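Hi,

Here is the structure I promised to pass on to you. My notes on what turned up in it follow below.

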Amino acid sequence: MTEGEFDAALDALAPANGGAGGPVSRPGDRMHTHPRVHTDADTYVHTDTYAHTGTHGHTPQDTVAGMSATCAAHHASGSGEPSGTGPGGPSGTGPGGPSGTGTGPGGPSGTGPGPGVPSSPGDRSGPAPGSGDPARPKAPTTSGPRPPRPIPPGPRAHSTPWRTAREIAGRAVSGPPVPTASLLADALGRTLAEPLTALSDLPSFDTSAMDGWAVSGPGPWYIDRPGGDRTTAEAKQPTDAIKEPADKTADTTDTTDKTAHDTAHDTAHPGILAGHAPTEPLPDGHAIRIATGARVPPGATAVLRSEHGEVRDLADGRTRLYAPRPVSPGQDIRPRGQECRRGDQLLPAGTLVTPAVLGLAAAAGYDELTAYPRPRVEVLVLGDELLQHGLPQEGRIRDALGPMIAPWLRALGADAAPARHLADDADTLYAAIATSTAEVLITTGGTASGPVDHVHPTLRRLGAEVLVDGVAVRPGHPMLLARLGPRRHLVGLPGNPLAAVSGLLTLAEPLLRTLAARRPAAARRTPLFGSVHGHPHDTRLVPVAHRDDARYGLTAEPLRFHGPAMLRGIAAADALAVVPPGGADRGTEVELLELPWSAGGLTDWSSSDGWSSSDG
Ligand SMILES: Nc1nc2c(c(=O)[nH]1)N[C@H]1C(S)=C(S)[C@@H](COP(=O)(O)OP(=O)(O)OC[C@H]3O[C@@H](n4cnc5c(N)ncnc54)[C@H](O)[C@@H]3O)O[C@H]1N2
Ligand code: MOO
């Protein structure tokens, strides 16, 4: 069955099942919404496959999240990967015993390894379906007795609830290291360790807000030149005329109207420019041309914009500046200290240094900022099958994680060196971890229990303390977190690319956040544009895109191509939706994990500071 045929089949199913998912056919890469299906076993195809085969059964999940087992099976067979007949043996033979033995996620503290952080009250990855969590939709009713569900092997037995895992990662270190001073440019993406206090008044002098004339008192005004030579700007005007006291009652019969433009753009007499030294006081009744940002001379009472002034040659040969509209005192002058006085706190400690903060700091007189250093992170990409160039071929695939993980870590505030590629060799991995000087090591792949999955044995060999060993989240459940030593940690990301993203956001992000003293992103909840099926026990992270909806306003639209081995969905996503066990219907508000580039966050991912593991 082709992708299109599969989608058509799902569309056809929707009305038959009650169409709970809203519209079923939309353009683009959006995931189709699907009816809630009738049996618990059918609700989450991925896990069912797991349960029946004792091995991973990704294929249905790779295609569409919320779909019936029937469709999934069709799709799986159409895609060339058998459904439910994996190497793990016949249905129901997976190790782990029946469900309900207390190994499911979400129990009281102690179900996860490590420090035993209790589940947060809102942790919905905890109890098994149907256990009365009011926030979770009820499990669909079944038509007959349900056979016991075998527990899948491996990490499942140790799975830490998703929220608990995040809390453990966030508390794995007590706080950031000692702050350091750095040049402004180097502080980007770091967190201020001290309040940003104004080193100067801002503005530090009375400033013209507009190009025009600084004027003193009511008009009309004689026009001066800067530099103390009090002459008119107009060559025709006798010098002595402007040395006379201003005569506000003089005959103002025009002979010629010069437009303001003519005068304002007289480059021979540009007036007071930004950056110029202070000028003499401006006497009452006088005006002087001034540029935006220039110091307003003492005595000036307002700035008249060039487009609001009229320079007229009078019958008596004099030239005067007129303001057809009333000029209010202080108009278009930014008084000294308008934004802040020296010593004012501009930003509190704990502020993320964004480009705007750099600008403010520079404006306020800073050359350096005291901020927490970026955590130094090393990425080790494992897998002999990985190619770094060219087309996938002969069973080998391109490394998708090396190019992705290091810049993503930088966006999370880390100083990540370019990824290193290691052969699938236990001693190589051991040496790389043992000799690394990084505060955080990230490995990709090798977390499961295959013949060349060396991460667990290597951590044992290193005597590491495993804080999280498997998380009740899909994809990515084999992810792990280990303490290698004081303030040295390792996050093991699963090799499947979207599973690695899940691990990055579940374990690496909270750890790096604490190390970098970054504040957690404000929790954001958004209604789902379409239904998403849930895993029976585990939290799901599903790529979503923001989408306007007539009924719900801004919604999160689940995207297709969200299987563990796929990046197509996440690459088009704005966020990952946190789907609780049991799933969520259209319109249900779900928590979103915003992606750094869509959250308005800082995406300082371009380069590292150039450190390598040989640095001290
Ligand atoms: N018996 C079991 N087998 C597996 C389980 C399990 O519970 N029991 N879990 C499955 C799940 S879920 C995942 S996720 C993976 C995790 O596997 P590893 O972390 O050991 O990763 P690998 O086996 O090395 O690779 C898995 C998959 O990902 C591809 N890969 C690896 N690195 C990259 C990369 N840098 N770029 C692109 N793709 C990569 C690799 O070729 C494999 O296809 O284990 C399941 N198995
Ligand atoms: O399928 Mo795994 O869930 O990629 O972690």
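Glu167 sits in helix α6. In this predicted model, Glu167 is partly exposed, with a relative accessible area of 21%; the cut-off for calling a residue buried is under 20%, so Glu167 does not count as buried.

The buried ones are Trp162, Arg163, Thr164, Ala165, Arg166, Ile168, Ala169 and Gly170. You will notice that Arg163 and Arg166 are in that buried group.

Next, a strand that I think you will enjoy looking at. Which residues of β29 point one way, and which the other? Ala575, Ala577 and Val579 point to one side, while Leu576 and Val578 point to the other. In a regular strand the side chains alternate between the two faces of the sheet. Here the residues on both sides are buried, and β29 (residues 575-579) is mostly covered, with five of its five residues buried.

β29 has these pairings:

- Strand β27 (residues 539-549) runs antiparallel to β29 and is joined to it by five bridges. Within this pairing, Leu576 of β29 has Pro543 opposite.
- Strand β30 (residues 589-594) is also antiparallel to β29, with four bridges between them. Leu592 in β30 is the bridge partner of Ala577.

Four bridges hold the antiparallel pairing of β6 (residues 212-215) with β10, and Gly212 stands opposite Arg305 of β10.

One region carries a label from a record: an unreviewed UniProt entry annotates residues 378-514 as "domain: MoaB/Mog".

Now for the chain as a whole. It has 616 residues, 51% of which count as buried, and it contains 15 helices and 30 strands. Of the contacts with a separation of 6 or more, 75% are between residues 24 or more positions apart. The accessible surface comes to about 25,600 Å², with 55% of it belonging to carbon and sulfur atoms.

Finally, the confidence figures, which you will want before setting anything up. The mean pLDDT of the chain is 74, and 64% of the residues reach 70 or more. Over residues 1-29 the pLDDT stays under 50, and the model has 57 contacts for them beyond four places in sequence. Residues 228-267 are also below 50, with 87 contacts in the model beyond near neighbours in sequence. For the complex, the predictor gives an ipTM of 0.98 and a pTM of 0.72.

Happy to go through any of this with you.

Best wishes

Key:
Residues numbered from 1 in each chain as written. Chains lettered and ligands numbered in written order. Predicted model: local features only at pLDDT ≥ 70, side-chain atom pairs only at ≥ 80, totals over all residues. Heavy atoms only, no water. Buried < 20%, exposed > 50% of the residue type's maximum accessible area, 1.4 Å probe, protein only. Helix = DSSP H or I, 4+ residues; strand = E, 2+ residues; numbered from the N terminus. UniProt positions renumbered as here; feature names shortened; annotations may be inferred. Contact = heavy atoms within 4.5 Å. Areas by Shrake-Rupley, 256 points an atom, 1.4 Å probe, with all protein chains shown as cover. pLDDT = per-residue confidence, 0-100. Pairing = 2+ DSSP bridges.
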